[in-house]
Amino acid sequence: MKLSSEQINEIEKKLEDNNLFFLDYKIELQDHIACNIEELMSKKQLDFNQAFKVTFKKWEYKLKPHLTFFISNNRDFPKIISKKLFTKFLIFNTFLIVSVCVGLFIFMNIQDKISNYNNIFNLIKFVYWVLFVLSLSLLVIIFKKNVITSYSYMFIKHFPILLIFTFLNFFLNSPIISLLSFFVMIAVVPFLISSFYNHIIFIKKYKLV
Amino acid sequence: MKLLEENGRMYGYEITQKVKEITKGELHITEGALYPALHKLEAENLLDVEVEKVDNRLRKYYKLTEKGTKETVNRLSELEEFIKNMQTIVNPKLSY
């Protein structure tokens, strides 16, 4: 007993109602749940609505919101994906904090030892702007593709950090801001590039665009 | 990995059902355990994926890469070694 397009759409809507809209999770889980429902309908002679209720009752715990405060302040994510998002969030923020601390340590210990530190900070500012423009281009590509994955979500969630330091760099002509921006960039840009790469690979594999 | 080696390509639900069938219902792999493991193997380039439209939805099939096929042999022999060692601990008399 195979499900119709309308029945598949109902499963998709239920997943989206539980904030499971990242395609890299939704597509696979939608298929798994559909297979579950089809099995119940053929083996236990249930109709679609009964099998749908039984299956989603089984999934209730996995779709419950979990650990969402650390990932988003205005959205709940189901347990089945929030743990992975939280791990990524934790790794990224640990790396960011360590990077900023290293930047502060370097600033406090070397500023008296470098005679041309203005030139060095101008170079750092230049590198920062190049990497910012690169990151902004990647963001534009993500929006143009118009596909939501957990990778694009993490990219968009962490991009504002770069934006904040861009404004600070633009309005404040301060060596410490330039140096901190550089170390923030060292932490943020590899993460953004990795998220972007995984997002594009996913789109290509699923031939979504 | 052994299942994929024997069956070519499989999708997630198919893997859970096959394990249940082979173990006569004794072993039940949950979705929370299966999919993270499959994604990790995919990230390690041990599995490749193919996506097809089947029965009005997209389905993701997993299959072993060349690296995955070699790694399956390695991991199976590690598992055999582990089982032998466990048997030695549990039944030391039988090891003589």
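I began with the helices, which here are DSSP runs of H or I with at least four residues, numbered from the N terminus. With that settled I read along chain A of this predicted model, and I noted the pattern α-α-α-α-α-α-α. My tally for chain A is therefore 7 helices and 0 strands.

I then turned to burial and contacts. Of the 209 residues of chain A, 43% count as buried, and the chain exposes about 11700 Å², of which carbon and sulfur atoms supply 65%. Taking the contacts in chain A between residues at least 6 apart in sequence, I found that 66% join residues at least 24 apart.

After that I searched for aromatic pairs. How many aromatic pairs are there over all chains? The search of the whole structure finds 16. One of them joins Phe92(A) and Phe191(A), with 4.6 Å from centre to centre and 40° between the planes, and this pair is tilted. I asked myself which parts of chain A this pair ties together. Phe92(A) lies in helix 4 (residues 79–110) and Phe191(A) in helix 7 (residues 175–206), so the pair ties together parts that are 99 residues apart in sequence.

Is Phe182(A) buried or partly exposed? With a relative accessible area of 23%, Phe182(A) is partly exposed, while Phe183(A), with 11%, is buried.

I also noted a cluster in which ring pairs link Tyr128(A), Trp129(A), Phe132(A), Phe155(A) and Phe159(A).

Last, I checked for charges over rings. In chain A, Lys62(A) lies over the face of Trp59(A), at 4.8 Å from the ring centre. In chain B, the charged end of Arg59(B) sits over the ring of Tyr11(B), and I recorded 3.8 Å from the centre of that ring.

How values were computed: Residues are numbered from 1 along each chain as its sequence is written. Chains are lettered from A and ligands numbered from 1 in the order in which they are written. This is a predicted model: local features need pLDDT of at least 70, side-chain atom pairs count only at pLDDT 80 or more; totals for chains, interfaces and linings use all residues. Side-chain values use heavy atoms; hydrogens and water are left out. Rings of Phe, Tyr and Trp (its six-membered ring) pair if their centres lie within 6.5 Å; planes under 30 degrees apart count as stacked, over 60 as edge-to-face and the rest as tilted. Helices (H or I, at least four residues) and strands (E, at least two) are DSSP runs, numbered from the N terminus. Buried means under 20% relative accessible area, exposed over 50%, partly exposed in between (1.4 Å probe, protein chains only). A charge sits over a ring if NZ of Lys or CZ of Arg is within 6 Å of the ring centre and within 35 degrees of the ring normal. Contact means heavy atoms within 4.5 Å. Accessible areas come from the Shrake-Rupley method with a 1.4 Å probe; for residues, only the protein chains shown count as cover.
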